[in-house]
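The stops below go from one selection to the next.

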Amino acid sequence: PYNFKGLNEVERIFIFGLYKYYYGTNVNYSSVAAALKNAQSKGYNSAFIVAFKKGQQITVQEALKNQQD
């Protein structure tokens with residue numbers, strides 16, 4: 001995808017008839033939180049954090065718990 005106000009690493013995925021856009025990939029929560037603030041500063045105010053484990057979406061709380069283990 002292009003034209004995302006300077007955001008790099010934007011991925012577009014077609015799921016259940018909708019396009020979902022994902023920005024960045026990182027396992028470090030601090031880096032993810034910084035990427036979220038960056039996206040929001042570019043005008044993507046509805047952006048939020050999602051987490052995946054082995055290709056399946058999980059809750060952010062579960063990801064944080066797994067990171068601590």
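In which segment does Asn 3 lie? Select Asn 3: it lies in the segment before strand 1 (10-15). The model is predicted, so local features need pLDDT of at least 70 and side-chain atom pairs count only at pLDDT 80 or more, while totals for chains, interfaces and linings use all residues. Residues are numbered from 1 along each chain as its sequence is written, and side-chain values use heavy atoms, with hydrogens and water left out.

Asn 3 counts as exposed because its relative accessibility is 68% (exposed means over 50% relative accessible area, buried under 20%, partly exposed in between; 1.4 Å probe, protein chains only).

Next, show the whole chain as a cartoon. The protein has two helices and four strands, in the order β-β-α-β-β-α from the N terminus on. Helices (H or I, at least four residues) and strands (E, at least two) are DSSP runs, numbered from the N terminus. The C-alpha atoms fill a box of roughly 40 × 30 × 20 Å along the principal axes. Of the 69 residues, 12% count as buried.

Now select Tyr 21, in strand 2 (residues 18-23). Tyr 21 counts as partly exposed because its relative accessibility is 43%.

For the largest pocket, select Tyr 22, Tyr 23, Gly 24, Phe 48 and Val 50, which lie nearest its centre among 37 lining residues. A pocket is an open set of points on a 1 Å grid over the protein atoms alone, where a 1.4 Å probe fits, with protein on both sides within 12 Å along at least five of seven lines; lining residues have an atom within 4 Å of a point. Helix 1 gives the largest share of the lining, six residues.

Finish on Glu 62, in helix 2. Glu 62 counts as partly exposed because its relative accessibility is 36%. Its C-alpha atom is separated by 8.5 Å from that of Ala 51, eleven residues apart along the chain. From Asn 3, Glu 62 is 59 residues apart in sequence and 33 Å apart in space, C-alpha to C-alpha.
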